[in-house]
Amino acid sequence: MNPNKALWEKGDFTRIAASMRDSGEGLVAKLGVTKGLKVLDLGCGDGTTAIPAARLGADVLGVDIASNLVAAGNNRARELGLTNVRFQEGDASNLGELADDSFDLVVSIFGAMFAPKPFDVAKEMVRVTKPGGRIVMGNWIPGDPTLIAQVLKTSAAYTPRHQRVSSVR
Ligand SMILES: C[S@@+](CC[C@H](N)C(=O)[O-])C[C@H]1O[C@@H](n2cnc3c(N)ncnc32)[C@H](O)[C@@H]1O
């Protein structure tokens, strides 16, 4: 199995995501999301940003490597009665099933940055974004002094080398 996938399926990120509903909504409110906008949320988890974007009327696809989080996102959408968002499994470094120039807005909030091959991810994000579209990322910065950057650095030290995220090496 892909070790990146195994890592994210091992825990239950929904427990952390539950504390981020307000920040997710606040962020999406600033992204100029309009009805019918085609949005891809990459490394979407259980929909911290995908769900608020759908609530604003966008047509949203959430892609995440972890099957448990994809299921959690689809459950949330169902419970909220949202039919304009769906979640599917996929790897940010190879979005082969998504056509070129498909999305007006590609969002990845502390998501795609975890894929081990950042250049492949960047290429894929650009490929699926429509000409003139936007890419918005939230990433932890290498050498950042914040607590979470230190936590990631520590956990990276216990992660097999091929699986590490370049930004926390
Ligand atoms: C810190 S969580 C953030 C989730 C979500 N963006 C949020 O703001 O709640 C990181 C997410 O990235 C996903 N992820 C990690 N590597 C990935 C990859 N190669 N492709 C797609 N998703 C990935 C994880 O499964 C997890 O859901």
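What percentage of the 169 residues of the protein chain count as buried? The share is 34%, where a residue is buried if 20 or more other C-beta atoms lie within 10 Å of its own, exposed if 12 or fewer, and partly exposed in between, with C-beta atoms placed from the backbone. The structure is a predicted model, in which local features need pLDDT of at least 70 and side-chain atom pairs count only at pLDDT 80 or more, while totals for chains, interfaces and linings use all residues. Residues are numbered from 1 along each chain as its sequence is written.

Along the sequence their order is α-α-α-β-α-β-α-β-β-α-β-α. The chain is as compact as a globular protein of its length, because its radius of gyration of 15 Å is close to the 15 Å that the globule rule gives for 169 residues. That radius is taken over C-alpha atoms, and the rule is 2.2 Å times the number of residues to the power 0.38. Along the principal axes, the C-alpha atoms fill a box of roughly 45 × 35 × 30 Å. Among contacts with a separation of 6 or more, 67% join residues 24 or more positions apart; a contact here means that two C-beta atoms, placed from the backbone, lie within 7 Å.

The chain is assigned two domains, domain 1 (3-138) and domain 2 (144-169), with bounds that come from an automatic or database domain assignment. Their C-alpha centres lie 22 Å apart.

Next comes the interior. In soluble globular proteins, nonpolar side chains tend to be buried together. The largest nonpolar core in this model has 36 residues, and Val39, Leu40, Leu42, Ala53, Val60 and Val106 have the most contacts inside it. Such a core is a set of buried Ala, Val, Leu, Ile, Met, Phe, Trp, Tyr and Cys residues joined through C-beta atoms within 7 Å. Elements that give two or more residues to this core include strand E1 (38-42), helix H4 (50-55) and strand E4 (103-109). The largest share, five residues, comes from E4. Leaving aside residues up to four places away in sequence, Leu42 touches Val63, Ala92, Val106, Ser108, Gly111, Ala112 and Met125.

Asp64 sits in strand E2 and counts as buried because it has 30 C-beta neighbours inside 10 Å. Beyond residues up to four places away in sequence, Asp64 touches Gly43, Cys44, Gly45, Leu69, Val70, Phe87 and Glu89. Thr14 is 50 residues from Asp64 along the chain, and their C-alpha atoms are separated by 13 Å.

Asp101, in the loop between E3 and E4, has a phi near 50 degrees, a positive value in a residue other than glycine. With 11 C-beta neighbours inside 10 Å, Asp101 counts as exposed. Phe110 lies in the loop between E4 and H6, and its phi is also positive, near 50 degrees. Phe110 has 16 C-beta neighbours inside 10 Å, so it counts as partly exposed.

Definitions and conventions: Helix = DSSP H or I, 4+ residues; strand = E, 2+ residues; numbered from the N terminus.
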